[in-house]
Amino acid sequence: MPSDTAPGNGPTRAKTAIVGSGFAGLAMGIRLKRRGDEDFLIIERASDLGGTWRDNTYPGVACDVPSHLYSFSFRPNPDWTSLFSPGAEIQEYLRECAREEGLTPHFRFDAALRDATWNERTQRWELSTDGGEVEARYLIMATGHLADEHLPEVPGLEGFTGRACHSARWDPSIRLEGLRVGIVGTGASAIQLVPEAQQAARELVVFQRTPAWVIPRPVKEYTDGERRMFRRDPSTIRRVREELFWNQENTYPARRGIDPYLSGIKAMAAAHLAAQVQDEALREKLTPHYEPGCKRLLLSNTYYPAMAAENTTVEASALASVQGSTAVAASGARYDLDVLVFATGFEAAQPPFARLVHGVGGVNLAEHWSRGMRALDSTAVAGYPNLFSINGPNTSLGHNSIVYIIESQVEYILGAMDYAGQHDDAVLTPIPEQEEEYVAQIDRKARGSVWTDGGCDSWYLDPGTGRLTLIWPDFGYAFREANGTFHPERFELLPDRTTAAA
C-alpha cells in the first residue's frame, strides 16, 4: 500500500509524490506499480483524474492526434471508435487505465498543491496540499502544459451582463441555442467549438487576432469488425500505431521549412480554404501570413463552413473591452452578446506551478525559469534535487503524440531512481553546467525552425526572452534517443544523510 502516516499529526510519507493525474501522472504511476513499487502518491487538485480531458468538456471537444497514438503503448485500446477520439472517450480510457492498473489507493483528490520545498537537512520534499502534508524522497511534477487556462485582461469583463467562461472551464448550464454568442480565439479549441456554436446560436461573433492554418481532417470510424480484430490480435494495434507514428514523423521536415514538405502543407491548406469559403474578402481574413506550424497546425472539415455561415461574423481583431452586454473589438466594432466564451489557451510558457516549488536555498522555480523554462534532458532541474518534470520544458511536439514523449520521460525517471538505489539511495541533482549546455543545444536546434523564424507570436516561445521553451525542436524519435535513458554523468550524487524511511 502507498505511504505510511507518521504518528500524531505528522505528514503522510511516501517514496514518490506525483503531482497531476493526467496522461503523465498516470503513466508514471502505472509503471511504478507494474514494477512492484507501491510507495507512491498521486496528488490531484480536482476530485477526479484526467487532467486536460477532465477539464475540457466544451461542445465538440476531441483530440487532434490519432487515437491509437494518443494512448499508452503499454495499454493499447482496441475499442477506439474513430481515428480522432472525442474527449469523453479519452477520459473514460484514462479512468479505465487507473482502475484496472490498481491506482485507486494511490490517489489523493481535492489536494491542490500549495507549496513544495526541498528540506536540505532531511533531503526530502515537503509538500503542503489542501489534503494535508506530504513528505517524499522524489517529487514528480506531471501537471502538463494545458492545466491552467489563460484569460486575457479585458476591461469591463467583470461587468458583462451575460454568461462568460473559458473553454477549459465549460459551464454545462450554459445553453447556446437561439442566443448571441461571442468566441474569443481561433486556436485548437476554437476550431472545434465554433462549428458547434454556429449550429446552435442565433448570431455568432468570432474574435480573431490571427488566422490559423487549417487542413482537412481525415475521417475514419472503426468498424465493429476492426475493433474485434484489435481485441483478438493486439499486434494489429501495434502495426497501426507504428504506421501512424511514422506518418506523423514524416511531417516534421515542414517545421524546418524544408520543401516540398512546407510548400505542400501551404498548398493543401490554401486549397481547403478555397474549396470551403467562396467569399473572397472572407478568404483574405482567414488567410494566415506566417509559416504553417509556427502556431499549431489545425485539422477541421467544419470550421471554415461555420465561419462562412450567414449567422457568423468574423471580427478580424481582438476583444478590446466589454461594456455591459456589449463586446467592443479593437477595430471599434460593437456586438451585443448573451454568451462570451474565451478559447484563449493556457499558461504554458510560464506555468503557475513553478511559483509553488522551492529548491536548494529556497530558490523559487519560477525565479530559476525567469529566462524561460529550462531543464536538463527536458526532465530534471539544476538546484532541485530529486525533482523531475514530465511534459515540461521542450517536450511538446507540433507534429506527433505527446504520449510518446511522456513514456520516454517515464523511462528516464525510472532509470534515475534505479541508479540512485544502486548508490545507497543517493540524492540526484543535475550539474548546472550540464543543464546550461543542454539548453544551448536546444537553442541551436531551434534556429531556423518555423517556431522561431516563422513570423508569428506563439505560446511556444517564452514571452520574455523569445526562446523556444515548449517545443522539442526535432523528430519525436530523436527525443527518445536523446532523453529516453538516464544519463548519470550529468548528475551529482549527494550521499543520503538520513536513515528515515522514505
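Predicted model: local features only at pLDDT ≥ 70, side-chain atom pairs only at ≥ 80, totals over all residues.
**Exercise 1.** Classify serine 235 as buried or exposed, and find its side-chain polar partner.

*Solution.* 
- Locate the residue: serine 235 sits in helix α6, residues 234-249.
- Apply the cut-off: buried means under 20% relative accessible area.
- Serine 235 has 17% relative accessibility, so it counts as buried.
- Look for the contact: its side chain makes a polar contact with the side chain of aspartate 233, at 2.5 Å.

**Exercise 2.** Which elements does the salt bridge between arginine 371 and glutamate 436 link?

*Solution.* 
- Check the distance: the two side chains meet at 3.6 Å, N to O.

**Exercise 3.** Why does the pair of aspartate 474 and lysine 445 tie together separate parts of the sequence?

*Solution.* 
- Confirm the salt bridge: the closest N and O atoms of aspartate 474 and lysine 445 are 2.9 Å apart.
- Aspartate 474 lies in the loop between α14 (450-453) and α15 (476-483) and lysine 445 in helix α13, so the pair joins parts 29 residues apart in sequence.
- Compare burial: aspartate 474 counts as buried at 16%, whereas lysine 445 is partly exposed at 32%.

**Exercise 4.** How many salt bridges does a search of the whole structure find, and which residues do shared partners join into one network?

*Solution.* 
- The search finds 34 salt bridges.
- Shared partners join Arg34, Arg75, Glu96, Glu100 and Glu101 into one network.

Conventions. Residues numbered from 1 in each chain as written. Heavy atoms only, no water. Helix = DSSP H or I, 4+ residues; strand = E, 2+ residues; numbered from the N terminus. Buried < 20%, exposed > 50% of the residue type's maximum accessible area, 1.4 Å probe, protein only. Polar contact = N/O pair within 3.5 Å; in protein donor to acceptor, adjacent residues only side chain to side chain. Salt bridge = Lys/Arg side-chain N within 4 Å of Asp/Glu carboxyl O.
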